[in-house]
Amino acid sequence: MTNNPWSHARSSTVADDVDFEIKGQELQFVEIELDPGESAVAEAGAMVWKDAAIDMSTVFGDGSGQSGGFMDKLLGAGKRLVTGESLFTTVFTHRGRGKARVAFAAPVPGAILPIKLDDIGGRLICQKDAFLCAARGVEIGIQFQRKIMTGLFGGEGFIMQRLDGDGWVFVQMGGTVVERELAPGEELHIDTGCLAAYTEGVDFDLVRAGSVKSMFFAGEGIFFARLRGPGKVWIQSLPFSRLAGRMLAAAGPRGGQNRGEGSLLGSLGDLLDGD
């Protein structure tokens with residue numbers, strides 16, 4: 001593998017401790033290098049390419065508990081269904097000799113963030129579409145926000161993914177990613193969609209965006225996510241929901257014939273056309 005700030009050398013952990021390299025700028029992919037017998041688990045459809053020595057199999061859930069019974073597998077798959085993901089994940093296992101590689105790509109412009117779970121206490125809580133791939137042995141679960149206000153008005157932050165284990169996980173975040181380390185009691189207010197991930201020690205709640213006037217006319221939503229330390233928080237500048245909303249708004253009701261956002265005609269042009 002070439003030198004890269006995200007490259008990692010092997011060590012001995014419970015989960016497969018894979019070597020990897022992240023390539024690209026705005027449209028990134030992660031290339032994982034496997035030793036014989038090692039596996040990586042990924043979302044269905046995330047693979048870009050793989051060496052022929054790597055076998056691909058589809059499993060219920062996250063692939064971390066495949067030695068259990070059918071009900072264990074069904075429960076793991078059900079957790080994924082609640083977060084809006086597929087019932088299945090794909091496991092890539094190196095069955096040959098030497099080294100073999102497999103690559104996975106993020107579906108939206110942004111960054112792929114590698115996180116070693118045992119470096120952050122063994123658990124990461126992230127947006128429900130953030131998980132891209134991981135070393136075999138990482139468990140993918142769900143995180144419900146227990147507080148009533150957060151549950152009712154939390155939007156993207158109500159049901160989140162919970163990644164448990166001690167191995168490497170790779171999460172996808174939209175736009176530019178900023179990491180903040182919060183001291184005990186330190187607070188940070190974030191748009192609920194821009195909250196990408198946080199560690200378990202961080203307290204997540206909602207606070208009102210401001211006055212009634214600000215809530216209805218500022219365009220920032222009614223509530224902010226309030227994160228209180230200690231712990232780490234990752235912020236994404238372009239959540240996929242915001243990107244999709246802007247694309248739909250630009251396309252217009254008919255999905256085409258866009259005159260441009262700066263057009264002097266605007267909706268007047270529709271009237272002239274008889275719309």
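This is a predicted model. Start by selecting valine 138. Valine 138 sits in a loop, with β10 (131-135) on one side and β11 (139-144) on the other. Is valine 138 buried or exposed? Its relative accessible area is 4%. That falls under the 20% cut-off, so valine 138 counts as buried.

Next, the cysteines. Select cysteine 133, which is buried at 0% relative accessibility. Move to cysteine 194. Cysteine 194 is buried too, at 9% relative accessibility. How many disulfides does the model have? The count is zero. The test asks for a pair of cysteine sulfur atoms within 2.5 Å.

Now colour the strands β1, β2, β7 and β4. In that order, these four strands make an open sheet with antiparallel pairing. Which strands stand at the edges? They are β1 (19-23) and β4 (47-50). Each has a single partner strand, so one side of each is left without a neighbour in the sheet. On average, neighbouring strands of this sheet are turned by 20° against each other, direction ignored.

Finish by zooming in on β1 and β2 (residues 29-34). These strands run antiparallel, and five bridges join them. Select lysine 23 and look across to β2. The residue standing opposite is phenylalanine 29.

Technical notes: Residues are numbered from 1 along each chain as its sequence is written. This is a predicted model: local features need pLDDT of at least 70, side-chain atom pairs count only at pLDDT 80 or more; totals for chains, interfaces and linings use all residues. Side-chain values use heavy atoms; hydrogens and water are left out. Helices (H or I, at least four residues) and strands (E, at least two) are DSSP runs, numbered from the N terminus. Buried means under 20% relative accessible area, exposed over 50%, partly exposed in between (1.4 Å probe, protein chains only). Two strands pair if DSSP finds at least two bridges between them. Axes are lines fitted to C-alpha atoms, for helices over the stretch in contact, and angles run from 0 to 180 degrees between N-to-C directions.
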